[in-house]
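Here is a short report on a predicted model. Please look at the structure before reading on.

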Amino acid sequence: HSSTLLECLHIIIDSIQFIVGHKIWVIGIVTAFQLFILLTSGGLARADTTILYQIATDPNYAQETMYISNYPNNFLFLVYLKIIFRIWPENLVFNLSLLNIFFINASLLLSYRLVKEFLKERIANIYFLIYLFLFTLQPQFLYTYTDAITLFFTVVMCTVLSFLLSKWENKRLFILTSLLLGLTISICYNLRPPTVIYIIALFVVLVATKRSHRFSIKKIGVATLLAFSVFYVSNATINTLLEKQDFVYYNDNYSRNLLYYVDLGLTTAGNSHSEIPEEIIEASEDQLNELVVEDITKRFESFTLTSFVGHLFNKYYWITGEGMFGWNLEVVLSEESVLQMPWIQGIINSEFARGVRSYIYARREHFNLQGMIFQFIWVLTIFGILIYSFLFRPSRFNIALWLQITLFGGFLFLMIFEGGRTRYLIQFLPPIVLLSSVGWEQLLTFVDQVKTKNQKILSNNHTQEGYKNWKS
């Protein structure tokens, strides 16, 4: 048994060394695997994804639905869908999945380079491994909603931020990068509003640690003003486009406000739209606040201290508990939703493809195997964050502190507003994976130090024994 375990350990170590030493080859192999999954398991995801697909492809439905009136934050994503549909009208879902593969893989490579530039190479290698096994190998790219594209632009935003910090003293690049930062923040915000937490957290860190770095308050203010100007203009442009366009029905008197999402966050799972009273769902903006405040008050009155703590625990559990980021809980795909394109029917309707889907689709007979693997990797990731908490040490530019505040802000947002889905953590995947990587690297460093210390003690003991023997 011990020899078998040693052989397995050697195989794991050799595999890790190959992955770390041949990253581009590995990304190529992973891309081929993702394409295989797409060709055998691709389909139209349920819920919001189906609604947005119908709006993008059916002009009549687009003029009847209140979806964009209720959720104007999804307008930019709808524009993206319309553009892809205009370019490739026949295979929208398939093409969106292809783009998601690009977004996910590019996010990995871009964020890996950032970590390597600002932190240790060993941390970057651990980051690559965790990100690869935790998320890139998952079938999440089949979920053609805002998660993958938001992740990509979040990493782009962090890349622009890093470039701004590195070119802080170059006046021309400082101005241009600050303006570009405003644009990327606007894109991220219009895809997923919580991504603005990254910028708030960075601002807090820069102001709080101004004495320990070279970034003056004056220049921080200039960068903020420039970025905010582009952010404001970009948002105003998107809002104007929303009001002037005619391809989807929009009435700004029916949009959901922050109080609505607070009310939604107080439902059983933190995201149960079915528990919101019908009068609130149908309410116009001038009635919404009063009705929502009344419903929030009723919910708080119905809570006891014990039941409210239980509600928070349940919500937090479902925000953090699933290693497949909601794939199982939300039952994203089913046999009824597989791709129906003439050129792919021979593949996707084959017995072999059905067998593959039995491992990919939630609630199918072999899905638990995939679920257990990714849950195990998720546990290892969280364990790395816990290690980091105990072995914390400062990092260059206070990067780790920034990521901690970002992650705390993300959890706080999801606990107050709509939450209860691990999928919402995808937008915060870079700080989760990086903090875990730093934790594992610190543990490996600690182990190396203990080994070195023990070797020195043994070496000294051997030296003393040799000296005694020589003397005798």
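Glu351 counts as exposed, at 62% relative accessibility. Arg354 is partly exposed, with a relative accessible area of 34%. The two form a salt bridge, their closest N and O atoms being 3.3 Å apart. Both residues lie in helix α18 (residues 351–360), three residues apart, about one turn of the helix. An α-helix has 3.6 residues a turn, so residues three or four places apart point the same way.

## Other salt bridges

The count comes to 13 salt bridges. One of them joins the side chains of Asp147 and Arg423, at 3.2 Å, N to O. Asp147 lies in helix α9 and Arg423 in the loop between α20 (399–416) and α21 (429–471), so this pair ties together parts that are 276 residues apart in sequence. Asp147 is buried, at 5% relative accessible area. Arg423 is buried too, at 3%.

Glu365 pairs with Arg364 in a salt bridge, with 3.2 Å between the closest N and O atoms. Glu365 is exposed, at 55% relative accessible area. Arg364 is partly exposed, at 22%. A network of salt bridges links Lys120, Arg122, Glu441 and Asp448.

## Nonpolar core

The largest nonpolar core has 132 residues; Ile68, Leu181, Trp327, Trp402 and Leu434 touch the most other members. Helix α7 gives the largest share, 13 residues. Leaving aside neighbours within four places in sequence, Trp327 has contacts that include Pro139, Tyr143, Ile360 and Phe367.

## Helix α6

Buried residues of α6 include Phe75, Leu78, Lys82 and Phe85. The buried residues of this helix pack against several others, among them α3 (48–57), α7 (92–118) and α12 (217–244).

Terms used: Residues are numbered from 1 along each chain as its sequence is written. This is a predicted model: local features need pLDDT of at least 70, side-chain atom pairs count only at pLDDT 80 or more; totals for chains, interfaces and linings use all residues. Side-chain values use heavy atoms; hydrogens and water are left out. Buried means under 20% relative accessible area, exposed over 50%, partly exposed in between (1.4 Å probe, protein chains only). Helices (H or I, at least four residues) and strands (E, at least two) are DSSP runs, numbered from the N terminus. Contact means heavy atoms within 4.5 Å. A nonpolar core is a set of buried Ala, Val, Leu, Ile, Met, Phe, Trp, Tyr and Cys residues joined through side-chain atoms within 4.5 Å. A salt bridge is a side-chain nitrogen of Lys or Arg within 4 Å of a carboxyl oxygen of Asp or Glu.
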